Amino acid sequence: MEGIYIVLILAVVLSIVIALILSFASEAFYVYEDPRLQDIINLLPLANCGQCGNPGCKGMAESILSEESKLTSCKPGNQEMRDAIKEYLESHPNEDGEFTKVKM
Ligand code: SF4
């Protein structure tokens, strides 16, 4: 019977240690991601063809948010897509309240 208590105590202690390690790791390895990124990805054609010179649509979305890529570099995209992204970015500033300049 004593063995069961020892195993239970060890399981609880091990769970607490693992929880602490995971908590520390999530703080130490936190990577900021612009909350607008997924919305921009969803507005792109999602062909992941790389014709824009980026590694897929996520890369293009990151490039748009960092004001590096022109929207016209997405070859499968049409004017409707470009207008939708432009309109979105004109109404959604970053966390500092600054608006991303859209390159057409
Ligand atoms: S060209 Fe357009 S569809 Fe192709 S990867 Fe770039 S953003 Fe995505």
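The protein chain contains four helices and zero strands, where helices (H or I, at least four residues) and strands (E, at least two) are DSSP runs numbered from the N terminus. Along the sequence the pattern reads α-α-α-α. The radius of gyration is 22 Å, well over the 13 Å that the globule rule gives for 104 residues, so the chain is more spread out than a compact globule. That radius is taken over C-alpha atoms, and the globule rule is 2.2 Å times the number of residues to the power 0.38.

This is a predicted model, in which local features need pLDDT of at least 70 and side-chain atom pairs count only at pLDDT 80 or more, while totals for chains, interfaces and linings use all residues. Residues are numbered from 1 along each chain as its sequence is written.

**Confidence**

- The mean pLDDT of the protein chain is 95, and 100% of the residues score at least 70; pLDDT is the predictor's confidence in each residue, from 0 to 100.
- In the protein chain, helix α1 (residues 2-28) has the lowest confidence, with a mean of 96, and helix α2 (residues 37-43) the highest, at 98.

**Overall dimensions and domains**

- The C-alpha trace of the protein chain spans about 75 × 30 × 20 Å along its principal axes.
- The domain assignment places domain 1 at 1-30 and domain 2 at 37-91, with bounds that come from an automatic or database domain assignment.
- Between the C-alpha centres of domain 1 and domain 2 the distance is 44 Å.
- Tyr30 belongs to the loop between α1 and α2 and is exposed, with 8 other C-beta atoms within 10 Å.

**Burial and contacts**

- Of the 104 residues in the protein chain, 13% are buried. A residue is buried if 20 or more other C-beta atoms lie within 10 Å of its own, exposed if 12 or fewer, and partly exposed in between, with C-beta atoms placed from the backbone.
- Among contacts in the protein chain with a separation of 6 or more, 50% are made by residues 24 or more positions apart. Two residues are in contact if their C-beta atoms, placed from the backbone, lie within 7 Å.

**Ligand surroundings**

- There are 16 residues around the ligand, and Ala47, Cys52, Cys57, Met60 and Cys74 come nearest. A residue is near a molecule or strand if its C-beta atom, placed from the backbone, lies within 6 Å of it.
- The shell around the ligand consists of nine nonpolar, six polar and one charged residue. Ala, Val, Leu, Ile, Met, Phe, Trp, Tyr, Cys and Pro count as nonpolar, Asp, Glu, Lys and Arg as charged, and the others, Gly among them, as polar.
- Cys57 lies in helix α3 and is buried, with 23 other C-beta atoms within 10 Å.
- Leaving aside neighbours within four places in sequence, Cys57 contacts Ile41, Leu44, Leu46 and Asn48.
- Cys57 and Leu43 are 14 residues apart along the chain, and their C-alpha atoms are separated by 9.6 Å.

**Helix α4 and the segment after it**

- Met81 is part of helix α4 and is partly exposed, with 15 other C-beta atoms within 10 Å.
- Not counting residues up to four places away in sequence, Met81 touches Leu43, Leu44 and Pro45; the C-alpha atoms of Met81 and Leu43 are 6.5 Å apart in space, at a sequence separation of 38 residues.
- Lys103 is located in the segment after α4 and counts as partly exposed, with 14 C-beta neighbours inside 10 Å.
- With residues up to four places away in sequence not counted, Lys103 touches Glu67, Ser69, Lys70 and Leu71.
- A C-alpha distance of 7.9 Å separates Lys103 from Ile64, 39 residues apart along the chain.

- Asn48, although not a glycine, has a positive phi of about 50°.
- Asn48 sits in the loop between α2 and α3 (56-65) and is partly exposed, with 15 other C-beta atoms within 10 Å.
- Glu67, a residue other than glycine, has a positive phi near 60°.
- Glu67 occupies the loop between α3 and α4 (79-91) and is exposed, with 12 other C-beta atoms within 10 Å.
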